[in-house]
Amino acid sequence: MKKYKITFFLALLAFVGCSDLEENPVGILAPESFFKTTADLQAAVNGSFAGMSTESYWGRKLTLTLLLRGDLADIGDQGTSGRRKEVNDFTMGDDNGMVSAFWPQSYAIIGTANQAISNAGLINDDEAKVNAVVAQAYFARAFTYYHLVRLFGDIPYIDFAVSDAADIAEISKTPENEVYEGIISDLEFAKQWLPDTQGSRALPSKATAAAYLASVYLTIADYSKAAAEAQFVINNESRFDLALESDFQDLFNADKTGGLREPLFTIDYVGQTRVDSYGQDYVAPVTGIRGDATHEYGEGWSVAVPSLKVYQNWDGKDYRKAVSLDTTATTKEGVIYPYTQFEDYSDAAVNRPHIAKYYRYAGLAGNNGRESSHNYITMRYAEVFLIAAEALNEVNGGSSEAVAYVNKLRERARMGSGSLYPMDVQDGLSQDALRETIINERAIELAFEFKRWYDIKRLKLGNEAFGPNGLEPQSNFDASRDYLLPLPGPELVRNPNLLPNNTGY
């Protein structure tokens with residue numbers, strides 16, 4: 001646990017990884033020497049967001065874990081590292097290399113946010129101006145804990161600046177419900193003080209905080225509050241400068257996402273490597289097609305690949321399918337192959353369509369698409385409609401208002417083509433039927449956007465999703481164990497107060 005002592009300084013020493021945020025390398029200074037102006041506070045807060053745009057967090061380790069844990073992506077190349085297959089196959093132990101990478105990075109992000117929050121009082125400036133900046137740190141902390149608690153359950157909850165390792169040497173786990181209370185408190189502060197809009201979607205706004213509050217309440221099954229927060233965003237879309245984009249493809253084009261109105265929060269990459277793993281984005285190559293020469297930045301690695309059943313069950317008349325999946329690849333000789341022949345030109349490829357959302361339009365990108373300039377959308381306006389729909393249906397089964405929200409997304413999916421598909425949902429469905437419709441709509445609308453595992457977990461769909469009739473049958477799935485990941489073994493060795501590990505590990 002001693003690594004927390006230097007968390008803040010490591011983050012400040014790194015260049016900020018977000019292209020729309022101020023990039024200030026900062027030396028190792030005592031907090032009272034560094035925190036003098038609101039600009040200093042903003043630079044510290046930017047360090048939290050920079051920590052998200054790293055290979056060990058959103059650039060591969062956390063995102064790949066979420067992809068593989070769900071039922072929409074499976075392992076393609078069987079020669080990939082064992083730690084990835086363990087996550088996918090539900091055979092991981094507490095020494096898994098994916099967890100051991102994004103766990104400490106999560107606490108590094110939190111530690112930087114804690115320093116900004118704790119030292120905001122040193123700033124002699126207008127209270128509202130200071131609070132608008134420190135609210136970003138509250139959001140960053142809430143965002144990071146929201147992933148940790150959903151993945152691990154009871155976790156160490158640190159909400160203070162650490163200056164001495166002894167302060168946390170014997171910290172124990174905080175119960176899951178108390179972690180959620182802390183997340184909600186942070187988001188409430190952020191919602192109160194953040195502005196209606198920001199110059200960049202890489203910084204959270206009032207609508208961002210409300211949307212995440214809605215998601216939190218949905219997760220803990222407080223449906224009335226989930227609906228209220230989601231509808232607060234929807235009913236104020238002009239105030240918050242929000243809209244559904246007319247072309248679904250634009251949401252996954254690195255050259256366009258920076259100027260869109262649908263994103264509520266993005267993790268912004270810059271197309272180059274910064275200090276350590278800052279700026280390293282491997283999501284494109286790990287989902288791209290092995291041996292493909294379609295793009296000038298090179299081939300993918302066929303690691304996280306949908307099962308064939310995902311493709312087969314998705315109606316081809318849905319434009320979102322074409323945006324989400326690549327079904328052809330080009331050899332270096334210029335020959336175009338359909339997915340049924342991918343294995344013919346690469347032993348490591350698999351004869352399945354691949355995820356296209358991040359590999360197809362990676363923008364400024366290095367070899368194999370890594371170090372891309374993607375703005376990864378962690379929450380977008382479309383999801384707010386789906387949260388509102390699901391929550392309203394739970395409050396009032398078969399809600400016509402819920403139906404209307406789903407139909408807004410289906411209308412966008414038709415792209416003004418004159419097609420009747422996807423057809424509008426009709427009023428009069430039972431609560432159970434509408435719930436199933438909404439959850440299926442989430443799977444399609446948000447496919448491969450790192451949401452599906454969380455839906456499986458909160459709705460306890462594992463036996464169905466990974467059973468013999470599921471999209472990705474997994475004989476190892478155990479509902480008594482696998483809804484939570486194991487706490488990393490080295491942490492338990494350093495601090496036995498975190499024992500026991502999660503059930504089954």
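**Close-up views of a predicted model**

**View A. Phenylalanine 252 sits in the loop between α10 and β2.** Welcome to the first stop in this predicted model. Phenylalanine 252 has a relative accessibility of 4%, so this residue counts as buried. Setting aside neighbours within four places in sequence, you will find phenylalanine 252 in contact with Thr257, Val323, Lys357, Tyr361, His374, Arg380 and Glu449. Tyrosine 359 is 107 residues away along the chain, yet its C-alpha atom and that of phenylalanine 252 are separated by 9.1 Å.

**View B. Tyr145, Phe152, Ile155 and Ile183 touch the most other members of the largest nonpolar core.** This core has 132 residues, and helix α7 (residues 127-152) gives the most to it, with 16 residues. A second, separate core has six residues, among them Phe248, Phe252, Leu260 and Val323. Take a moment with phenylalanine 152: not counting residues up to four places away in sequence, it touches Val99, Phe102, Trp103, Leu484, Leu485, Pro486, Leu487 and Asn502.

**View C. Glutamate 445 and arginine 412 join their side chains in a salt bridge.** The N to O distance here is 3.0 Å. Glutamate 445 belongs to helix α16 (residues 431-445) and arginine 412 to helix α15 (residues 400-414), so this pair ties together parts that are 33 residues apart in sequence. Are glutamate 445 and arginine 412 buried or exposed? Both of them are buried.

**View D. A salt bridge links the side chains of aspartate 196 and arginine 239.** Its N to O distance is 3.0 Å. Aspartate 196 is in the loop between α8 (176-193) and α9 (206-219), while arginine 239 is in the loop between α10 (223-234) and β2 (263-268), so the bridge ties together parts that are 43 residues apart in sequence. Aspartate 196 has 26% relative accessibility and therefore counts as partly exposed. Arginine 239 is partly exposed as well, with a relative accessible area of 39%.

**View E. Helices α3 (residues 38-52) and α6 (residues 99-119) have axes that come within 9 Å.** How are α3 and α6 oriented to each other, roughly parallel or roughly antiparallel? Their axes cross at roughly 170 degrees, and the two helices are therefore roughly antiparallel. On the α3 side, Leu41, Ala44, Val45, Gly47, Ser48, Gly51 and Met52 meet Gln105, Ile109, Thr112, Ala113 and Ala116 of α6. Sorted by type, the residues of this contact are seven nonpolar, five polar and no charged.

**View F. Arginine 60 lies in the loop between α3 and α4 (61-69).** Arginine 60 has a relative accessible area of 13% and is buried. Which residues surround this side of the loop? Leaving aside neighbours within four places in sequence, arginine 60 is in contact with Thr54, Glu55, Thr65, Arg84, Tyr282, Val286 and Trp301.

Notes: Residues are numbered from 1 along each chain as its sequence is written. This is a predicted model: local features need pLDDT of at least 70, side-chain atom pairs count only at pLDDT 80 or more; totals for chains, interfaces and linings use all residues. Side-chain values use heavy atoms; hydrogens and water are left out. A nonpolar core is a set of buried Ala, Val, Leu, Ile, Met, Phe, Trp, Tyr and Cys residues joined through side-chain atoms within 4.5 Å. Buried means under 20% relative accessible area, exposed over 50%, partly exposed in between (1.4 Å probe, protein chains only). Helices (H or I, at least four residues) and strands (E, at least two) are DSSP runs, numbered from the N terminus. Contact means heavy atoms within 4.5 Å. A salt bridge is a side-chain nitrogen of Lys or Arg within 4 Å of a carboxyl oxygen of Asp or Glu. Axes are lines fitted to C-alpha atoms, for helices over the stretch in contact, and angles run from 0 to 180 degrees between N-to-C directions. Angles under 35 degrees count as roughly parallel, over 145 as roughly antiparallel, 65 to 115 as roughly perpendicular and the rest as oblique. Ala, Val, Leu, Ile, Met, Phe, Trp, Tyr, Cys and Pro count as nonpolar, Asp, Glu, Lys and Arg as charged, and the others, Gly among them, as polar.
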